[in-house]
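I opened my notebook to look up a few charged pairs and a surface patch. Here is what I wrote down, entry by entry.

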Amino acid sequence: MEVPLLDLKRRYDLIKGEIDKAIENVLNSQHFILGEEVRQLESEISDYCNTEYAIAVASGTDALLLSLRNLGVGIGDFVITTPFTFFSTAGAIHNVGATPIFVDIKPDTFNIDPEKIKELLEGKTFHIARLRVNLSKVKAIIPIHLYGQMADMDSIVEIAKEYNLNVIEDACQAIGAEYKDKKAGSIGALGCFSFFPTKNLGAYGDGGIITTAREELAVELKKMRIHGSEKDYHHLSVGYNSRLDTLQAAILLAQLPYLDDWNKKRKENAALYSDILKDIDEIDCPYAAGECTHIFHQYTIRVKNNKREELMNFLSEKGIGSKIYYPLPLHLQECFISLGYKKGDLPLSEEAADEVLSLPIFPELTEEEIEYVCDSIKTFFGNKIANS
Ligand SMILES: *Cc1c(COP(=O)(O)O)cnc(C)c1O
């Protein structure tokens, strides 16, 4: 049996009729840039996320970049985030001229630890002593809702209020996730989503969207994505070329009605995995905090005792796909060496990077496939016990 980490073709086969029709409609309209489907997608996503506005852009990375610009974050500023995320979050901070401040995660959810943000802002951490962080220049916090589970937003919002900081949610992995009945992207000043093909709601190319409740931010973002112009060829500010193609919007609109079902299926798959794997001592199954609806963009286990690489190879021999998200935390990336972090600074992120392994979790998986993956993992650890 072969169980790929992700098989997008299965989904396409199921909804081919609707997708092909959506594409054909755009081809017939020949309205490829900011067409009617883009407006419709913005309206449906803002409804879905319970926000007033949604502004479609070219990617999740651009969503983060434009959001930072939108809130006036720029050269000389600092932005708090975690090093245990996709590179994009920190890349966007760097690319507006600001500096990321990395603080550690909570080991159970893999999300940013509000206590550590507080310690930083109180001037108690190594950042101040060693990294030339200027606390008066900290402008924003970007929590990442990693693997589909939202960060501890009540605490983060409270700290942000106390220190007068903006919150930008990196919800790229969390469309449809909830925290105490609030949807991802509806809590911060701005919420950033990616429609990269592998995300829970994926386009057939790059795409992204920004959600907000604030009209003035939405109005600015709409200009910013078309070179800062409101009226053609008249520019009040310098923006970007960052639009979502009409074709991608049409493809996303065709899939949006299925999103909740797909997310539910992911949760059921996760429950099945955890039920079978929970008794294996050498792995930890994902933890879902009570106040959160986890949408399992990834089902990520921890593999203890340095067995991860061996397990990965074993699974690969069995035809099973698995992947490490993410093997090197951002504070230790080559490109950020000049920031001055060193190994050991953020131990929980470093430990997570050494232990995590994501297993196939996509909605179209069959029960037999999940059982095969679990049996293979059990065999691996069973053999280990027998051999030792
Ligand atoms: C995918 C992702 C992004 C970037 O999205 P792109 O659309 O690929 O630019 C940013 N942050 C996180 C956490 C992501 O998973």
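I count a salt bridge when a side-chain nitrogen of Lys or Arg lies within 4 Å of a carboxyl oxygen of Asp or Glu. With that rule, I find 25 salt bridges in the structure. I keep in mind that this is a predicted model.

**Lys139 and Asp77.** I looked up this salt bridge and found its closest N and O atoms 2.8 Å apart. Lys139 sits in strand S4 (residues 138-141) and Asp77 in the loop between helix H3 (60-70) and strand S2 (78-81), so the pair ties together parts 62 residues apart in sequence. Is Asp77 buried or exposed? I see that Asp77 is buried, at 5% relative accessible area, while Lys139 is partly exposed at 32%.

**Asp345 and Arg130.** These side chains also meet in a salt bridge, 2.6 Å from N to O. I note that the pair links distant parts of the chain, 215 residues apart: Asp345 is in the loop between helix H11 (308-317) and helix H12 (347-355), and Arg130 in helix H6 (residues 126-130). Asp345 counts as buried at 13% relative accessibility; Arg130 is partly exposed at 32%.

**Lys264 and Glu268.** Here I get 3.4 Å between the closest N and O atoms of the salt bridge. Both residues are in helix H10 (residues 259-277), four residues apart, which means about one helical turn separates them. I also jotted down a network of salt bridges with shared partners: Asp284, Arg302, Lys304, Glu351 and Glu355.

**Nonpolar patch.** Last, I looked at Leu27, Phe32 and Ile33, which form a surface patch with about 240 Å² of accessible area together. Leu27 belongs to helix H1 (residues 8-29) and is partly exposed at 41% relative accessible area.

Technical notes: Residues numbered from 1 in each chain as written. Predicted model: local features only at pLDDT ≥ 70, side-chain atom pairs only at ≥ 80, totals over all residues. Heavy atoms only, no water. Patch = residues over 30% accessible without salt bridge, like charges linked within 9 Å, V, L, I, M, F, W, Y side chains within 5 Å. Areas by Shrake-Rupley, 256 points an atom, 1.4 Å probe, with all protein chains shown as cover. Helix = DSSP H or I, 4+ residues; strand = E, 2+ residues; numbered from the N terminus. Buried < 20%, exposed > 50% of the residue type's maximum accessible area, 1.4 Å probe, protein only.
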